[in-house]
Amino acid sequence: MAVRHEVENLIRRGNIFYWRPRVPAALINCGPGSRLSLSLHCSDHRKAQMIGRKLNTRLAELKLNSKEMMSKQQLQKLFEHERDKELERLDEINMLARRNGRGGDVEEMELDLEAGWACQLVAKFGPREPGCF
């Protein structure tokens with residue numbers, strides 16, 4: 001039986017997590033209630049949550065900004081590509097964490113991601129106080 005989790009559209013079947021959103025009618029020429037089903041190829045709950053949030057964000061961006069119709073197969077390929085990019089990015093973070101002696105620790109990976117986002121914000125908008133960096 002599928003189990004729902006804190007992240008919208010995230011479902012676990014057995015040991016593997018799946019992302020299963022409803023497809024917005026504005027994006028495809030399908031009947032109402034059609035869904036995509038995409039395996040996230042991971043059994044780690046926190047990693048699946050990160051990937052699920054990324055895919056949900058991408059789906060919301062498409063819903064707001066897309067003016068063209070796509071087939072269900074095109075959407076499936078797009079989200080498979082997004083999933084693969086996110087898995088690769090998380091694997092790179094895990095490899096870097098292993099070099100520093102913290103490999104496999106998902107909490108450390110989340111902290112590394114937050115620190116990276118903070119650095120990107122400082123680079124984009126500048127420090128809050130002058131002379132801080």
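1. Helix α1 covers residues 45-65. Helices here are DSSP runs of H or I with at least four residues, strands are runs of E with at least two, and both are numbered from the N terminus. The 21 residues of α1 should span 30 Å at 1.5 Å a residue, and its end C-alpha atoms are 30 Å apart, so the two agree. The expected span is 1.5 Å times one less than the number of residues. The model is predicted: local features need pLDDT of at least 70, side-chain atom pairs count only at pLDDT 80 or more, and totals for chains, interfaces and linings use all residues. Residues are numbered from 1 along each chain as its sequence is written, and side-chain values use heavy atoms, with hydrogens and water left out.

2. Which residues of α1 are buried? They are Lys47, Ala48, Gln49, Met50, Ile51, Gly52, Leu55, Asn56, Leu59 and Leu62. Buried means under 20% relative accessible area, exposed over 50%, and partly exposed in between, with a 1.4 Å probe and protein chains only.

3. Leu64 also belongs to helix α1. Leu64 counts as exposed because its relative accessibility is 71%. Leu64 and Ala26 lie 38 residues apart in sequence; C-alpha to C-alpha, they are 9.4 Å apart in space.

4. Helix α2 has 28 residues. From first C-alpha to last, α2 reaches 41 Å, close to the 40 Å expected at 1.5 Å a residue. Its buried residues include Leu75, Phe79, Leu87, Leu90 and Ile93. Glu82, Arg83 and Glu86 are among the buried residues of α2 too.

5. Now the whole chain. It has three helices and four strands. Along the sequence the pattern is β-β-β-β-α-α-α. Of the 133 residues, 32% count as buried. Take the contacts (heavy atoms within 4.5 Å). Among those between residues at least 6 apart in sequence, 55% join residues at least 24 apart.

6. Strands β2 (residues 10-13) and β3 pair in the antiparallel sense over four bridges. Pairing requires at least two bridges found by DSSP. In this pair, Arg12 stands opposite Phe17, and Ile11 stands opposite Tyr18.

7. Trp19 stands opposite Leu38 in β4.

8. The largest pocket has a volume of about 310 Å³. A pocket is an open set of points on a 1 Å grid over the protein atoms alone, where a 1.4 Å probe fits, with protein on both sides within 12 Å along at least five of seven lines; lining residues have an atom within 4 Å of a point. Volume is the space filled by probe spheres set on the points. Helices α1, α2 (72-99) and α3 (106-125) each supply at least two lining residues. Among the lining are Met50, Arg53, Glu82, Arg89, Leu113 and Trp117.
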